[in-house]
Amino acid sequence: MHSIRKGSMLASSLLLSFALLAAGCGNNGNNGSTGENAGQTNNQDANQPANDQAAGNNQAANANSGNAGAEKPLDPYEVVMIYPDGKQNDLAAVQTAMNDYLQKTYPQMNMTVKLNPIDWGAYTDKLNLMMSSGEKFDLLWTANWMNFETQVNKGALLPLDELVDQYGPDIKSVEGDLLDGAKRKGKLYGIHVHQELGNPQGIALRKDLVDKYHIDLAPLASGEFKDLEPILKTIKENEPSVTPAVGPAFPLGAYFGSGSMESIIGPVGLDQRDTNADNTYKVVDMYETPRYMELAKLTHDWYKAGYINKDATTPGVDIWKKIQAKTAFAAIGTDLEIVKDMAIGKPSHMDGKSAQLGMDIIQVPMNIDRLHTSKLSATLQAISQTSKDPARAMMLLDLFYKDAKLLTLFNYGVEGTHYALNNGQIDLPQGKTKDNVGFYHDNQWQLGNQMLNFTRLGEDPNKYQNYEQFNEMVKSQSSPIIGFVFDSEPVKNELIAVGKVQSTYDPGLQSGQLDPEKDLPKMIDKLKAAGLDKIISEAQKQIDEWRAANGK
Amino acid sequence: MLEHNRTNPVITIVFILGSLACLIPFWLILMVSLSGQNALAKYGYSFWPREFDLVAYRFLIHDAEPILRSFGVSILVTVIGTAVSLLVTSALAFSLSRQDFPYRGAVSLFVLITMLFGGGLLPWYLVYTKFLHLQNTLFALIVPGLLGAFNVFIIRTYFTTSIPPSLIDSAQIDGASEYRTYFNIIIPLSLPVLATIGLFTIVGYWNDWFTSLVFINTDKLYNLQYFLYNTLMNAQYLQSVADKAHIDAASLQVQPLEELRMAMAIIAVLPVALVFPFLQKYFVKGLTIGAVKG
């Protein structure tokens with residue numbers, strides 16, 4: 001019997017160690033795999049009901065337009081809006097105010113809204129479940145970096161061409177051709193939020209040090225990062241505790257990413273620096289462009305000289321915190337703020353960032369985005385195929401492109417309770433803070449026509465005029481492949497393999513740790529082995545077909 | 001027994017290293033949570049903060065209501081869930097351990113299948129929302145974790161190997177009903193395994209944020225882990241949104257401090273760390289009060 005006791009001792013200590021193991025690592029693994037499975041299951045299951053219901057919806061839409069023609073009053077309808085947002089205590093009050101306003105101003109539409117925000121962290125998962133389980137909702141926010149393509153492919157979104165023609169006159173007049181960016185296989189699946197059409201990128205510098213060393217920013221007018229070197233050198237020599245330059249995530253990624261390539265998919269795209277007109281539509285691999293080599297060498301040199309941060313490969317590095325803590329001087333390749341009369345190399349004060357960090361920051365643009373197709377689907381409103389009345393959803397969406405009052409209710413809440421106007425700008429009501437006002441979010445970029453919005457106190461009152469001016473500049477130099485959307489299906493496996501090679505080499509190259517002369521050719525060999533050439537030829541084929549079809 | 005008291009230095013060293021590997025990251029988190037604002041950006045991670053500051057904890061106390069409520073939800077769900085789960089799991093295991101249970105093989109197979117094949121997320125979601133209508137209730141947090149096939153088999157194995165069938169026979173000869181046998185004979189004899197499975201379940205319930213993510217829409221019912229996850233994810237998303245949607249970065253809210261996140265992690269870990277010593281008592285006790293002694 002002695003042995004039994006020993007045995008059970010062993011058993012329970014084994015169990016205990018199991019328990020601890022499970023507590024430590026088991027859970028994470030499980031969660032991860034559940035998530036992945038979830039995605040796959042959804043994709044498969046969703047196709048079936050999607051097709052059935054889409055048919056039903058079309059009928060509903062037709063029936064409705066029939067009604068409208070006969071001037072018969074519409075039945076009451078509740079438009080459910082899904083969008084990502086943090087918690088707002090006064091959501092119900094804002095919703096009521098929106099509904100009161102809708103009833104009063106547009107009684108003929110006879111609709112109410114139901115605001116259904118989902119936490120950022122849960123947005124993808126929850127939206128997926130809602131779509132797959134056929135839950136009824138109408139308007140949803142989506143984006144090409146937030147599963148838009150998947151949602152289109154599995155039939156979760158309604159084609160909007162006819163709806164927008166019939167019920168979206170203001171959308172059409174505001175957005176016009178820009179709508180085409182959300183077309184997939186010839187049909188429109190999302191309505192682009194009217195906003196800035198690109199970004200300037202460049203260098204942000206601490207004004208205190210610029211003044212201290214009387215740094216001349218004029219050489220930067222060239223728009224070349226290499227002309228920053230003497231400035232970095234000055235800082236390196238005089239301020240030993242300050243890292244002269246830091247980059248968001250990876251320095252090289254940031255400044256190569258801006259203005260070098262017309263990206264199509266992964267590392268493949270059109271070389272923007274190639275001035276030969278015959279090569280405008282020639283698909284190349286970014287790692288083989290002279291520009292990449294040039295910048296990679298520059299990064300490696302800067303890394304060796306100690307001009308850029310050595311911890312670029314550490315996840316979660318916050319460059320602005322470093323600047324705020326005065327351990328860094330310049331942020332290179334970062335997105336800048338849109339100001340009046342922007343031009344390459346023209347320094348200006350960075351108002352928003354300066355206020356946020358509590359110190360003066362100067363920005364110098366080195367690149368201004370061209371108009372890209374991807375930007376035009378970077379923030380969209382779409383209509384779910386589970387909507388019972390897509391026409392009404394489109395009517396509501398249209399209002400957000402023309403009715404500033406409705407849009408203000410959504411963005412800033414109820415006047416007097418959630419905001420007060422101060423010289424035409426949004427201010428917090430007396431004695432309130434962001435945290436206790438009950439409704440405070442910056443979701444302007446998620447819905448409607450941003451140019452109708454108020455600005456917040458502290459922002460440039462002319463923010464939206466600046467945006468319009470900036471948009472003209474962006475539009476004037478649109479990408480040669482504007483409107484082209486790559487179908488990645490034929491090269492799916494190659495993309496994964498190429499992505500793996502990239503993730504092995506990118507951190508080293510982009511942070512400057514690897515010597516590009518030595519390692520870049522190695523990387524290119526591995527990329528080719530992974531099927532890069534197939535991706536290039538597929539992209540070239542699709543570009544050529546697209547050119548033929550669009551007469552470019 | 002004397003020779004057992006001599007410890008093997010190799011084993012000791014291995015365990016010391018193992019413990020350090022667990023303790024050091026935890027220590028780092030604790031120290032970051034105790035360091036002043038922006039200390040991370042200034043000095044990076046360090047094992048001893050240059051400036052002690054309780055700012056993160058003060059911030060948590062200042063905005064205590066949602067945290068306290070999610071704490072309450074977590075504790076309630078963990079306590080009720082673990083108690084009910086142990087009852088259900090061990091009762092099923094008890095039935096399966098009995099040679100005289102008629103459909104033993106079939107039921108075992110049924111349990112086994114759930115271990116090998118999952119139904120997938122969508123059916124799981126549909127069952128709880130469309131058939132049981134548990135969304136936005138505390139039941140949605142408790143019910144999905146009640147019965148794990150793996151736990152059932154562990155307890156069953158313990159029953160079949162450590163409790164002699166003759167003990168059950170003798171109890172029934174003395175006139176004990178099935179329930180009496182189960183509650184008065186089996187349960188007291190099984191404290192070691194119940195404590196172990198209990199720990200599994202406690203940790204499982206306590207660390208579960210995914211059920212909250214899927215089933216809970218009102219922030220009043222968020223449990224602690226989901227509350228933390230949410231705070232973290234909101235901050236991360238806001239940052240990535242700025243990159244991906246190319247939003248004017250200045251217009252987005254400032255994210256919570258790193259120190260704050262660490263302080264939250266410490267608060268979330270404490271209860272589970274506190275539970276463990278109490279359970280440890282039962283491991284020992286369960287071993288020494290065995291009814292059949294040698």
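In this predicted model, strand S3 (residues 139-142) of chain A is joined to strand S15 (residues 380-383) of chain A by 4 bridges, and the two strands run antiparallel. Within this pairing, Leu140(A) stands opposite Ala382(A) in S15(A). S3(A) also pairs with strand S1 (residues 77-84) of chain A, here in the parallel sense and over 2 bridges. Leu140(A) takes part in this pairing too, as the bridge partner of Ile82(A). The two faces of S3(A) are both covered: Leu139(A) and Trp141(A) are buried on one side, and Leu140(A) and Thr142(A) are buried on the other.

These strands belong to an open sheet of 5 strands in chain A, whose order is S2-S1-S3-S15-S6 and whose pairing is mixed. At the edges of this sheet stand strand S2 (111-118) and strand S6 (191-192) of chain A, each of which pairs on one side only.

Of its 8 residues, 8 are buried, so S14(A) is largely enclosed by the rest of the structure. Strand S7 (residues 200-206) of chain A pairs with S14(A) in the antiparallel sense over 7 bridges. In this pairing, Pro200(A) has Ile368(A) of S14(A) as its bridge partner. Strand S13 (residues 348-349) of chain A is also joined to S14(A), by 2 bridges, and these two strands run antiparallel. There, the bridge partner of Ser348(A) is Gln363(A) in S14(A).

A further open sheet of chain A has 3 strands in the order S16-S17-S18, again with mixed pairing. Strand S16 (420-422) and strand S18 (455-456) of chain A stand at its edges; each has a single partner strand, so one side of each is left without a neighbour in the sheet. Strand S17 (residues 425-427) of chain A runs parallel to S18(A), and 2 bridges join them. Gln425(A) has Thr455(A) of S18(A) as its bridge partner.

The helices of chain A may be considered next. In helix H13 (residues 390-399) of chain A, 10 of the 10 residues are buried, so this helix is largely enclosed by the rest of the structure.

Helix H15 (residues 463-476) of chain A has both buried and exposed residues. This helix has 14 residues and reaches 20 Å from its first C-alpha to its last, close to the 20 Å expected at 1.5 Å a residue. Buried in H15(A) are Lys463(A), Tyr464(A), Asn466(A), Tyr467(A), Phe470(A), Asn471(A) and Val474(A). These residues cover an arc of only 140° around the axis, which puts them on the same side of H15(A). An α-helix has 3.6 residues a turn, so residues three or four places apart point the same way. The face turned away from the buried side of H15(A) carries the exposed residues Gln465(A) and Ser476(A).

Helix H11 (residues 319-324) of chain A contains Lys322(A). With a relative accessible area of 12%, Lys322(A) counts as buried, because the cut-off for that class is under 20%. Lys322(A) lies 172 residues from Glu494(A) in sequence, and the two are 38 Å apart in space, C-alpha to C-alpha.

H5(B) gives the most, with 7 residues.

Methods
Residues numbered from 1 in each chain as written. Chains lettered and ligands numbered in written order. Predicted model: local features only at pLDDT ≥ 70, side-chain atom pairs only at ≥ 80, totals over all residues. Heavy atoms only, no water. Pairing = 2+ DSSP bridges. Buried < 20%, exposed > 50% of the residue type's maximum accessible area, 1.4 Å probe, protein only. Expected span 1.5 Å × (residues − 1). Arc of directions from axis to C-beta.
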